[in-house]
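Trainee: I have a model open and would like to learn how to read its features one by one. Could you walk me through it?

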Amino acid sequence: MRVANLDGRLALITGDGAAVDVAAASDGRFGPDPMSAFADWEAFVAWAETLGQDDAAAGDDAAAPVDPARLGPPVPRPAQIFAIGVNYREHADEAGYPPDSMPVTFTKFASSLTGPDATVDLPEGHVDWEVELVVVIGLGGHAIDRDEAWDHVAGLMVGQDLSERVAQLEGSKPQFSLAKSHPGFSPTGPWIVTLDEVPDPTDLAISCAIDGETMQDSRTARMIYDIPELMARLSAVVTLMPGDLIFSGTPAGIGNRRTPPRFLRPGETLTSAIESVGTITTRFR
Ligand code: ZN
């Protein structure tokens, strides 16, 4: 199942790429707010599974694939956004960080969220790319067992943890959260893909490219703390809530660690892809 934000309304994307408006198809039981799916995620999934192809064919433009420009962030107002630093082995090596006993955790403020087909204004400084697998929580909890962690996941998205490196690194301590939260600095999408559509969520190809030139190319199996371990360690401290997002860290190949360093420029297009999840496009000006 693929759950999208289409023109600000909760939608399901069918196998041929068309959209079903959830509020209309459920007679108002769910939707139209994309966040309404998380009021009772299990009930929403149970309802969505009863939808047949007949329902998918209903509606004016049901047969046409969705125009990506109409897609917003699938989870537009999460209660919490967690982001993990230095969570891929090769990226830890390029950044020169030794392993820590806890994953480095910061937030990307929710106002930085944008959709899978967005144009982002570059602020002053050096803006860098970080393609990341984003986990969407469906069932919250505190002290979630590693063995039960996947049962708490609504689905997966592609994300970018855009980062302004000057502000992030110029002080005596890293300024992760602010430097990664300019408007549009958290593109996500193209939709939430539920785990039944992801054959092996522990080992997915993950990559990004600028104007077609590959910058990052790895696999999520290279994470230091895998998704269940991140959820266990985060929820040992914090209560996870339905709709929360976890940006799970980026592989090697960021611009700041290149020789010479390379940052995003106006007019460039960043394409970010994760196997079985999808592709998002971010343009810069
Ligand atoms: Zn990151």
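Mentor: Gladly, and let's start with how charge patches are defined: they are made of residues with over 30% relative accessible area and no salt bridge, with like charges joined within 9 Å. Keep in mind throughout that this is a predicted model.

Trainee: Which residues gather in a patch of negative charge on the surface?

Mentor: The patch brings together Asp 40, Glu 42, Asp 145, Asp 147, Glu 148 and Asp 151. Take Glu 148 as an example: its place is the loop between β10 (131–137) and β11 (153–160). Its relative accessibility is 41%, so Glu 148 counts as partly exposed.

Trainee: Now salt bridges. How many does the count come to?

Mentor: A salt bridge here needs a side-chain nitrogen of Lys or Arg within 4 Å of a carboxyl oxygen of Asp or Glu. By this rule there are 18 salt bridges. One of them pairs Arg 165 with Asp 128, with 2.8 Å between the closest N and O atoms. Arg 165 belongs to helix α5 (residues 165–169) and Asp 128 to strand β9 (residues 127–128), so this pair ties together parts that are 37 residues apart in sequence.

Trainee: Are those two partners buried or exposed?

Mentor: Residues under 20% relative accessible area count as buried. Arg 165 is buried, at 5%, and Asp 128 is buried too, at 0%.

Trainee: What about Arg 146, where the side chain meets Glu 229?

Mentor: That is a salt bridge with an N to O distance of 3.0 Å. Arg 146 sits in the loop between β10 and β11, and Glu 229 in helix α7 (residues 227–235), so the pair ties together parts that are 83 residues apart in sequence. Arg 146 has 37% relative accessibility and therefore counts as partly exposed.

Trainee: And where do Arg 219 and Asp 203 lie?

Mentor: Their side chains meet in a salt bridge at 2.7 Å, N to O. Arg 219 is in strand β15 (residues 213–219) and Asp 203 in the loop between β13 (186–193) and β14 (205–210), so to speak distant parts of the chain, 16 residues apart. Arg 219 is partly exposed, with a relative accessible area of 35%, and Asp 203 is partly exposed as well, at 27%.

Trainee: Which residues do salt bridges with shared partners join into one network?

Mentor: That network holds Lys 108, Asp 128, Glu 130, Asp 161, Arg 165 and Lys 180.

Trainee: Next, the metal. Which residues coordinate the zinc ion?

Mentor: To read a metal site, look for N, O and S atoms within 2.8 Å of the metal; water is not among the atoms, so sites may look incomplete. Here the zinc ion is coordinated by Glu 130 (OE), Glu 132 (OE) and Asp 161 (OD), at 1.9 to 2.1 Å. Along the chain, these donors follow the spacing E-x1-E-x28-D. Glu 132 in strand β10 and Asp 161 in the loop between β11 and β12 (163–164) link distant parts of the chain, 29 residues apart. Both Glu 132 and Asp 161 are buried.

Trainee: Could we compare sequence separation with distance in space?

Mentor: Trp 41, found in helix α2 (residues 41–49), is buried with a relative accessible area of 7%. The C-alpha atoms of Trp 41 and Val 153 are 112 residues apart along the chain and separated by 9.9 Å. Ala 154, in strand β11, is buried at 3%. Ala 154 and Thr 14 are 140 residues apart in sequence and 17 Å apart in space, C-alpha to C-alpha.

Trainee: Finally the backbone. Where are cis peptide bonds found?

Mentor: Check omega. The bond from Gly 31 to Pro 32 is cis, with omega near 0°, and Pro 32 is in the loop between α1 (22–25) and α2. Another cis bond joins Thr 259 and Pro 260, where omega is about -5°; Pro 260 lies in the loop between β16 (245–247) and β17 (269–274).

Trainee: And what is the phi of Asp 27?

Mentor: Asp 27 has a positive phi of about 50° although it is not a glycine. Asp 27 lies in the loop between α1 and α2 and counts as exposed, at 74% relative accessibility. Asp 7 also has a positive phi, about 55°, and is partly exposed, with a relative accessible area of 48%.

How values were computed
Residues numbered from 1 in each chain as written. Predicted model: local features only at pLDDT ≥ 70, side-chain atom pairs only at ≥ 80, totals over all residues. Heavy atoms only, no water. Patch = residues over 30% accessible without salt bridge, like charges linked within 9 Å, V, L, I, M, F, W, Y side chains within 5 Å. Areas by Shrake-Rupley, 256 points an atom, 1.4 Å probe, with all protein chains shown as cover. Lys, Arg positive; Asp, Glu negative; His and termini not counted. Charge placed at Lys NZ, Arg CZ, Asp CG, Glu CD. Helix = DSSP H or I, 4+ residues; strand = E, 2+ residues; numbered from the N terminus. Buried < 20%, exposed > 50% of the residue type's maximum accessible area, 1.4 Å probe, protein only. Donors = N, O, S within 2.8 Å, 3.2 Å for Na, K, Ca; no water.
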